[in-house]
Amino acid sequence: MSETALAARPTTGMLRAASPWLGAIVLVVALPFVFSDSSAITIMNQMAITIVFALSYNMLLGQGGMLSFGHAVYMGLGGFMAMHMMGWIEEDGLPIPLPLLPLFAGLFGLACAAVIGTFSTRRAGTGFAMISLGIGELIAACSIIIVAFFGGEEGISGDRTMGPPVFGVEWFTSGEVYWIISGWMLLSALLMYLFSRTPVGRMANAVRDNPERAEFLGYSARWVRYISFCASGFFAGIAGGLFAINYEILTEENLNLATSGAILLMTFLGGVGFFAGPIIGAIVFTLLQTVLSLQTELWALYVGALFVVTVMFFPGGLTGLLTIHIMPWRLGRLSELMIPYAKTLLPGAIGVLGFCGFLEILFHARHAAAGDHEMILFWITFDTHGPLPWIITAVVAGAGYWLARRNAPELKAALDHASAPDRMP
Amino acid sequence: MELILINLLDGLVTGLLLFMLSAGLTLIFSMMGVLNFAHASFYMLGAYFGYQISRYVGFWPGLVVAPVVVGLMGAAVEKYGLRRVHKHGHVPELIFTFGLALLIEEVVQFFWGKNQMAYTPPEALNFTLFAIGDNAFPAYKFFMIAISAAVFLVLLTILKRTRVGLVIQAALSYPQTVEALGHNVPRVFMGVFGVGTALAGVAGVIAGPVLGTFPGMAVVLGSIVFVTIVVGGLGSLWGALVASLLIGWMTTFAKTYNVSGADVMALIGLVPPTDMSDNPFRDVWTMTLPQIADILPYMFMVLVLVFRPNGLMGRRET
């Protein structure tokens with residue numbers, strides 16, 4: 001009896017550790033059956049690629065404390081390599097099945113990171129950031145000149161269906177490719193998680209927090225950074241290989257500062273302090289991008305503003321905001337937060353919508369064709385040159401801001417109160 | 001000879017323009033340890049404000065008013081944004097300024113659209129000052145040189161000769177002591193940030209008419225400015241000057257001499273392959289010096305970092 005109990009304990013512990021992963025597998029398998037139309041599959045593919053890329057970025061920023069402005073380089077280089085290999089499969093009959101391509105892309109990313117890391121990981125912080133920016137710009141600019149590898153302005157493209165079929169699948173549709181991408185996504189996420197649990201991963205955290213002390217313990221801070229950097233390059237390369245498989249084209253755009261900046265943005269929005277942060281960031285950002293860009297021309301402005309607000313007020317990102325609620329949830333006090341939330345978030349949300357409405361009207365008035373004064377916003381058609389819409393949106397924005405700001409301390413107090421473990425009943 | 005002379009002058013214009021940006025950036029960095037990623041965005045704002053003012057009252061009031069407005073905005077950013085992020089450390093500060101750069105670009109597009117503005121040099125400077133051979137040297141370029149040199153001299157005088165400069169220099173090295181002596185160090189920081197961004201604004205006003213006033217102008221110059229201060233040594237004003245001039249001349253000269261890779265290869269006795277279409281190294285033969293002029297600064301930076309990690313004149317570690 002007692003023996004079976006003893007034997008069962010480690011299994012339950014392992015089961016608990018594995019349950020998020022099992023849940024993720026079930027989710028990934030179930031999703032294409034729930035959302036089966038092709039646009040949903042396209043978005044999910046994009047999401048999965050972005051997740052791998054964001055997780056690899058967070059190996060640097062969150063776990064290693066290295067802020068990179070040129071991480072797109074390793075994804076892009078891996079992708080270009082995968083694209084060339086696709087060409088070799090087509091022309092020279094290279095016997096590599098398509099699902100294995102990301103591995104080689106990853107190895108190429110690793111090789112590039114291993115070369116560049118020798119001098120870029122000498123410092124963390126500002127020095128590393130500047131060097132990564134310079135290298136990123138250098139390689140992005142080179143891609144226009146070195147036509148043999150990067151294909152110049154138009155980039156390089158290929159055909160994924162030319163390789164040997166795998167179990168009869170020839171990868172014609174994005175639905176088939178989904179299985180490659182999501183499989184690699186799960187595998188790389190798991191490997192990156194396990195990497196963060198290894199002694200090297202732990203040392204990366206130590207070097208991030210206090211490099212001097214880590215050096216005193218006998219570890220070379222530079223060496224630890226170098227290993228993280230190489231591992232991150234490997235997984236970014238895998239993301240690049242997946243990108244090549246999914247889109248079948250790579251251009252300068254995959255290497256430049258805009259792409260590197262976007263990955264920083266979504267990783268930070270998700271929350272750099274948590275393993276799941278970049279995953280949430282990638283999912284939310286991809287959805288935001290898809291949904292908002294269909295609705296408004298100003299989506300990049302909104303995302304930029306959201307980013308600045310996040311950096312200023314919520315340095316933990318979305319995941320940080322979620323984790324605040326774990327304690328009240330465990331104590332069964334989430335219901336106490338309902339009313340303070342309603343009092344702060346509701347006016348806040350209405351105020352933000354009012355402000356966005358004001359911006360949209362202003363944008364329309366400035367940039368619409370001459371004589372075009374009619375605009376539809378929130379299903380209401382109105383004239384942008386009359387004073388009423390301006391006044392209404394401005395008043396709504398102001399009132400919402402005032403109310404939210406007035407009630408915010410109450411929400412904070414309620415949160416603190418609900419999280420306090422040993423309060424008197 | 002004439003070509004060399006005109007290139008020297010053109011390179012001087014580019015270099016001094018770069019220096020106006022990198023001086024402010026390096027000053028802010030040495031003071032607060034913050035690398036202001038949005039510095040080039042303030043340069044862009046300077047150009048746009050200068051353009052907007054020039055449409056109503058002409059170029060000259062814009063030269064004075066636009067930098068002041070940009071400087072005030074910079075001071076506000078320091079006071080309400082950076083100071084709040086400061087307690088989290090340098091990396092969040094850098095991320096904040098990066099976000100600010102994104103936001104400023106979007107805001108500029110919001111108000112002025114994506115097209116280039118018709119911002120032109122003032123009529124009074126629209127003549128040829130002198131000519132070297134066939135190459136005309138416009139008066140506006142001389143004006144740019146004069147303004148940049150004047151700004152540098154004023155800056156140097158304030159830093160080295162006045163009491164304000166003394167306090168700033170002291171606050172650089174011993175902020176706590178200076179604070180204990182009764183100076184308001186946060187206000188000094190705000191002032192330095194404001195002046196640094198105002199310098200970027202001046203650069204924007206005088207560069208906007210020649211380099212073009214469009215939403216991408218911050219990105220075009222921004223990375224080069226960072227390269228400049230890394231090459232010069234983070235926090236070193238003289239290093240920034242030397243690196244700016246070097247990079248200005250480097251790119252200007254590279255753009256005028258049409259040396260191709262084949263010429264270089266011929267020097268070491270290599271002949272181009274007969275079948276160029278399928279050779280993996282074909283780009284080595286076809287690339288030309290003007291083509292790679294824009295990436296020379298980055299290659300220079302990598303070389304400097306490998307052989308002299310603190311930059312040309314920097315004392316602190318990068």
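**Entry 1: helix 8 of chain A**

I take helices (H or I, at least four residues) and strands (E, at least two) as DSSP runs, numbered from the N terminus. I call a residue buried if 20 or more other C-beta atoms lie within 10 Å of its own, exposed if 12 or fewer, and partly exposed in between, with C-beta atoms placed from the backbone.

This is a predicted model, in which local features need pLDDT of at least 70 and side-chain atom pairs count only at pLDDT 80 or more, while totals for chains, interfaces and linings use all residues. Residues are numbered from 1 along each chain as its sequence is written, and chains are lettered from A and ligands numbered from 1 in the order in which they are written.

Which residues of helix 8 (residues 199-209) of chain A are buried? I found G201(A), M203(A), A204(A), V207(A) and R208(A). Seen down the axis of helix 8 of chain A, these buried residues fall within an arc of 160° and so line one face of the helix; the arc is that of the directions from the helix axis to the C-beta atoms. I noted beside this that an α-helix has 3.6 residues a turn, so residues three or four places apart point the same way. On the face of helix 8 of chain A turned away from the buried side, I found the exposed residues P199(A) and D209(A).

**Entry 2: G241(A)**

I next located G241(A) in helix 10 of chain A, and it counts as buried because it has 35 C-beta neighbours inside 10 Å. Leaving aside neighbours within four places in sequence, I listed the contacts of G241(A) as G78(A), G79(A), A82(A), L101(A), P102(A), A105(A) and G106(A), where two residues are in contact if their C-beta atoms, placed from the backbone, lie within 7 Å.

**Entry 3: the two chains**

For chain A I recorded 17 helices and four strands, with 42% of its 425 residues counted as buried. Chain B has 14 helices and two strands, and 45% of its 318 residues count as buried.

I then turned to where the chains meet, and the contact takes 37 residues from chain A and 42 residues from chain B. Helix 5 of chain A gives the most to the side of chain A that touches chain B, with 13 residues. By class, I noted that this side of chain A has 26 nonpolar, eight polar and three charged residues, where Ala, Val, Leu, Ile, Met, Phe, Trp, Tyr, Cys and Pro count as nonpolar, Asp, Glu, Lys and Arg as charged, and the others, Gly among them, as polar.

**Entry 4: the strands of chain B**

Lastly I followed strand 1 (residues 128-132) of chain B, which four bridges join to strand 2 (residues 135-138) of chain B, the two running antiparallel; strands pair if DSSP finds at least two bridges between them. The bridge partner of T128(B) in strand 2 of chain B is P138(B). The hairpin of these strands has two residues between them, and there G133(B) takes a positive phi near 65°.
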